[in-house]
Amino acid sequence: MKGFHCSLLLILALVGSLENLNLGCSAADPTDGFTPVPLTEANFELQKPYNIPLNERYSYEDGIRHMWVYATDKPHDPNSRTQPRTEVRMKGLDYTSGVWQFEGYGFVPNGTSGVTVAQIHGAAEDASTLILRIYDGNLRYYSGDLVATGLYDRWFRLNIIHDVDGDWVTVYVDGEQKYSTKGRGPGDFYFKCGVYAAPRNITYYMESRWRDIKIYKK
Ligand SMILES: *[C@@H]1O[C@H](CO)[C@@H](O)[C@H](O)[C@H]1NC(C)=O
Ligand SMILES: *[C@@H]1O[C@H](CO)[C@@H](O)[C@H](O)[C@H]1NC(C)=O
């Protein structure tokens, strides 16, 4: 199919003027067939340790959202017993059906480990359908399966596709499919990114940076 497509492009190019035609025939992009959802700053809700002003754990400059947290920080809510976090919670785009996609460019400095950097919040019984954690520069599904390696100190493109009706999740790093797994049942879902300390193996300081966050759907 792809070979045919490329041959056709080549013929069209030869028959045509040869100008301005891209003959790259590149592999499919994770966003192919998806429609971007318009976002405003109101779609980016920040969660941070409840007793600290936002600007002590978050900055937004030159399009880069910089989030950090310490192992000894308080949870995001005085009534919560969860681990400390500074996270963007995509707001106003909660979903219960369809096929949704998160895209963002992330950066995690060496020195940050044992921390969730992106998640699909919501599941039939658990709090999440997907947790992506950095441990020693590698990205893992929760604390288990290896998703991608060697991510410290560089920007990487992350795409997460959630097919709710098919109960399936697919993860792409730098445009390449790296992981896919069954979801965890129906629920009310939304995407998050930032830093949320894991239960174990955490570093004292945890940081991730995000830019060009987009949400798509089919
Ligand atoms: C992180 O930095 C330390 C100190 O420079 C280095 O020894 C280590 O190999 C680095 N870790 C990774 C996973 O790059
Ligand atoms: C967490 O730390 C334990 C004990 O050091 C180690 O055995 C385990 O592999 C670590 N887990 C991850 C996901 O790095």
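Predicted model: local features only at pLDDT ≥ 70, side-chain atom pairs only at ≥ 80, totals over all residues.

A: A residue is counted as near a molecule if its C-beta atom, placed from the backbone, lies within 6 Å of that molecule.

D136 is located in the loop that runs between β8 (128–135) and β9 (138–141). Its backbone has a positive phi of about 50°, although D136 is not a glycine. With 14 other C-beta atoms within 10 Å, D136 is partly exposed, because a residue must have 20 or more such neighbours to be buried and 12 or fewer to be exposed.

D62, which is not a glycine either, has a positive phi of about 50°. The loop that holds D62 is the one between β3 (58–61) and β4 (64–70). D62 is exposed, since 6 other C-beta atoms lie within 10 Å.

A second ligand is also present. Y135, S143, R200 and N201 are the residues around ligand 2. The shell of ligand 2 divides into 1 nonpolar, 2 polar and 1 charged residue.

The wider chain provides the setting for these sites. Its secondary structure amounts to 1 helix and 15 strands. Buried residues account for 33% of the 218 residues.

In soluble globular proteins, nonpolar side chains tend to be buried together. Here the largest nonpolar core contains 40 residues, and V115, V117, L132, I160, V195 and M206 have the most contacts inside it. Strand β14 (residues 190–197) supplies the largest share of this core, with 6 residues. Leaving aside residues up to four places away in sequence, V115 touches R133, I134, V195, Y196, A197, A198, I202 and M206.

The chain has a mean pLDDT of 92, and 88% of its residues reach 70 or more. Over residues 8–23, however, the pLDDT is below 50, and this stretch has 7 contacts in the model beyond near neighbours in sequence.

Key: Residues numbered from 1 in each chain as written. Chains lettered and ligands numbered in written order. Nonpolar A, V, L, I, M, F, W, Y, C, P; charged D, E, K, R; others polar. pLDDT = per-residue confidence, 0-100. Contact = placed C-beta atoms within 7 Å. Core = buried A, V, L, I, M, F, W, Y, C linked by C-beta atoms within 7 Å. Helix = DSSP H or I, 4+ residues; strand = E, 2+ residues; numbered from the N terminus.
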